[in-house]
Structure formats: C-alpha cells, structure tokens
Amino acid sequence: MRKILLGTTAVVGLALVAPVANAQQARPAAAPAAPPALPATSVAPTGTAAALFQTPVGITGAGPHGNDGVPNVPTTPTTSGLIVRLGGYFEFTYGNVQDDADKAFFRNSAGSTAAGKDTTTNVIDSTGAVIGTVTTPGAAAVNLNNARGRQRSDFRNDAEINLYVDGVAANGMRYGAMLEMQMDNMVSTAGDGTGVSFDELYGFVKGGWGEIRFGQEDSAASLLQVRRPATQGLGESGDWDEFLPSPGYVGAGIGDGNDATKIIYLSPQMMGFDFGVSYAANRGEGERADNASSTTAFQRDFTGLTNEISAALRYRGTFGDVGVQASLAGQFADPAQQSANGAPLASKDQNITTYSAGLLLRAWGFAVGGDYTWGNYRTVPAGGSIAQGIDGSTQYAAGITYTIGALSLGGLYSVAEQDNGATVADRTQTYWGLGAAYVLAPGMTLFGSYNQIKDENIPTAAPTSAGATLAKFGPNDLTRDITVLVAGVRVAF
C-alpha cells in the first residue's frame, strides 16, 4: 500500500547526465538548441481554495507524482533535450506499541498444542470376545514457544528517491519516465531490511488530449480517488501498522492495483472534471515472467488475479472561498483459475468488484471529508478475492484537519467490516486517531499521531461459507486491541 508524501523536486545539473548521453553519441560541435519551453503554470495566491484545487495550465491528468502533484518547471536541459529532476524523502519515526498480538498468551498459544483426548482400546481373547479395555492417555498440552511479551518501543527508517525525466517533442507532446526507488522491507537471514526496490517505474506521453502511462504504477482508481483528509502519518492505513508484527489494517482507499505493470489513461481536466482508466493483465510487475517466489510457476498461470480494470471520475472546483473535490471509482478483476501445480480449482472465488466514493471540502484553513468503499473483496479493497457464499465488504472513513501557518492538526475515524461466513460474526475493525504536523524548516516536518484500533473476529485463514476459525487473544477474547503512539521527522527534497 502507498504511504508517501512527495516533497518538492530539485533539478539535476548538466554534469550529472552529460556523460551518459555522450556515451551514446559524439559531443556536438555547438551546444544544442534548447527544447521548446514547457507549458507555463498559472498559480492562484497561496492559501486560497483555488490554489488548493487548481489544475495548472499544461499539466494534464494526475500529474507525475500523484493525483495532486505539480512538478517544478526546470530550465536546464540535458544534451539529449530531456530534463532530469531528483526528489524524494527521508523519514525517521519512533513508535510506542500496546498490542494484544504482542502478549505472551497470544505468542505462546500460536505455537502450542492443546491436550489430546484419551483413547480406549478393547482387549480381545483368542475367540474374539472382548475381555477388557485399555485406556491410553492423550498427549499433554505443550508450550512450544515459552515466549515473553514483545518490547513496546521501536525506531524505524523510511526513504525514497524519485527520478523524473521530462522532455518536449517538436509538436509539443511531453514524454519521459518516472523511477521511484523505495527502501523496502527485504528480510532474509543476512538482510537488514533496507533493500532498495522500485515502487513506481513507468514511462509516459501526454498533451492536450491527456496522458498515457505504461509500466509499474498505481491503478487509475487509486490515482484519482478522493479520500478523507489527514495529517502526516495519520490514518487507518497510516504509520502505526509499520510497527506491528503482522498486517494490521484492512481499512484503506481503493486498492492501488499492487503496482502491477499496466497501461493507464488520464484525461485532461474539462469544466472541473477528469477521468482515468487502467488495465493490468495480472498482478505481476517488473522484468521477470515467473512469480517472485518460484521459478516454476509463472505470472501467466492464472494462479492469481487477472484482467484487472479500474476507472475513476473526479471533480475539482471552487465556489467562492470553498474548494470542492469529489470522486467515484471502481476496480474489477477475475479470481485465480487454478492452483500452483496447474490443477483446476474445484470452486473459484467470486470476481472482485470494488467501488469507492469520496468528498472533500476546504475553506478557511479547514479540510473536512470522507469516503465510502464497498464490494466483493477481502483484506484491503480489491486486494484479494472472496469465496463463493461470502458476503461483500464495506468501509467508511471521515476526517478533519485545520492548518494555521506551519501547524496542522487532524482527527480521523474509520470502520471496516468483512464477512466471516454464515456461522461466525463479521470481522470489524474500528480506528480513530489524532495527529499533528509542524513545518520546522523548508522541507523538514515534525509530526506525531495517537492511533487506537479495535479489531474483532479476525479469521486465521480465508473465510468460507461454512465459517472461519478466529484468532484468540485471551481464553475467550476475540478482540485485538492496539494502541500506537508515533512521533517522527520527515525531510522531503
């Protein structure tokens, strides 16, 4: 899931890129002519509603870094005529965690066996008559872990480097590529959890007709959806779950399409409206054709989601001092068709159908809004398919923020529900949180949040129509209570 807040970008100097270009061609005798100027932007006064929602002239679709990202317009081209900009962020956070899944009871019960039942066997003589019985005691309860509760405090790092390449053709068409390198949690026996992978990695062309992106990128629905406001790191899928021993959240915006390799179209804004559509053949990404965890199973083997289509319609406008954003989005996919060994599935899951609607209002320093998501999916929206006989999932979120100068304050409330089968109560995750962020210096933000989560009736495996086995956090406790206090600093560049 993406949790990024891209900062301003910086121009990479000619000296950085000239050696690469010159390796492919001879240095020209004279400096090449500058490419046609990039389209100018028209920016409303800072702090006004128009500034918050305006689409600059010449910037189409969702922008290069997300649904509201507006790139700086640098003036120094490379020898190839392309402009290269570098951006990203570094983030350091502290977390204080109180989680029922950290308690010794939960850890030990997960690795223990219950006492076995006694068995009775008849004793038979040579004629076949029963002359008695022998009782064999069942196995004693075994504690395999004998674990202590986990440490409550921890630190973590996060970082991204974003490279944006932009050029303008003679006919005015803009083209280029976006490379977003993230510090990913690549854990191995010798790893330190700071491996680098590509989150987004795509090329694009765009003009007055809109924008086409091709490569690893979020779905169109994820790029254009409008959601509740929140301060830095606050939210039902915010920074708090990064400190948990297992995935914590099921409430989030409509899925990002797993950053699968796909093709996306984003329209220009017309009378305040724009729209987008995207298609991914499967959930695979990157160069490889096999699954990341296997050299024999291939991403074209119908073992996961296929034919994923998403679409969204968005409106952005201002009415006096009030800025308005609204969206309606949908995401659809076919479920797995066969198992990893190639055998057809006896019963296929339901097709994924996910819908989301959102509304956001801004005025006089306040932002207030919410979103509602529903459909046939499990885990995060459009993240996984559900079995036949399982009802659909729902979630809603509402938030408010207030910004005065360098200080932002916010609060958020969210509820997500997912069916566990006919005989078991629904999984219900309730989240509320309070947050604050303060811009200490250009590009440097201090932030903190208090997050409270109540997660009830958590299935230990994918639910079926017959029901599900639920995790216990005490002898008769089916509720996981989580409290996470987060404090951090972010440097965006």
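Let me begin with one side chain, Phe332, which is partly exposed, with a relative accessible area of 29%. Everything I say about this residue and the others comes from a predicted model, so please keep that in mind as I go through the aromatic pairs, the sheet around them and then the cores.

What is the geometry between Phe332 and Tyr355? The two ring centres are 5.5 Å apart and the planes stand at 70 degrees, and the pair is therefore edge-to-face. Phe332 belongs to strand 14, residues 322-334, while Tyr355 belongs to strand 15, residues 352-363, so that this pair ties together parts that are 23 residues apart in sequence. Tyr355, at 33% relative accessibility, also counts as partly exposed.

Let me now turn to the aromatic pairs in general, of which the structure holds 13. One of them is formed by Phe92 and Phe155, which are stacked, with 5.4 Å from centre to centre and 20 degrees between the planes. Since Phe92 lies in strand 2, residues 83-99, and Phe155 lies in strand 7, residues 153-168, this pair ties together parts that are 63 residues apart in sequence. As for accessibility, Phe92 counts as partly exposed at 32%, whereas Phe155, at 53%, counts as exposed.

The charged end of Arg490 sits over the ring of Tyr89, 3.8 Å from its centre, and the charged end of Lys206 sits over the ring of Phe204, 5.3 Å from its centre.

Which residues have the most contacts inside the largest nonpolar core? They are Trp240, Leu244, Tyr431 and Val484, in a core of 16 residues. Strand 19 (427-441), strand 20 (444-456) and strand 21 (479-492) each supply at least two residues of this core, and the largest share, three residues, comes from strand 21. If we look at Val484 on its own and leave aside residues up to four places away in sequence, Val484 touches Asn96, Val97, Trp240, Phe243, Leu244, Ser449, Tyr450 and Asn451. There is also a second, separate core of nine residues, which includes Ala221, Leu224, Ala312 and Ala329.

Finally, the chain as a whole. It has four helices and 21 strands, and of its 493 residues 44% count as buried. Among the contacts in the chain with a separation of 6 or more, 65% are accounted for by residues 24 or more positions apart. The accessible surface of the chain comes to about 24200 Å², and 60% of that surface belongs to carbon and sulfur atoms.

Definitions and conventions:
Residues numbered from 1 in each chain as written. Predicted model: local features only at pLDDT ≥ 70, side-chain atom pairs only at ≥ 80, totals over all residues. Heavy atoms only, no water. Core = buried A, V, L, I, M, F, W, Y, C linked by side-chain atoms within 4.5 Å. Buried < 20%, exposed > 50% of the residue type's maximum accessible area, 1.4 Å probe, protein only. Contact = heavy atoms within 4.5 Å. Phe/Tyr/Trp six-rings, centres within 6.5 Å; stacked < 30°, edge-to-face > 60°. Lys NZ or Arg CZ within 6 Å of the ring centre and 35° of its normal. Areas by Shrake-Rupley, 256 points an atom, 1.4 Å probe, with all protein chains shown as cover.
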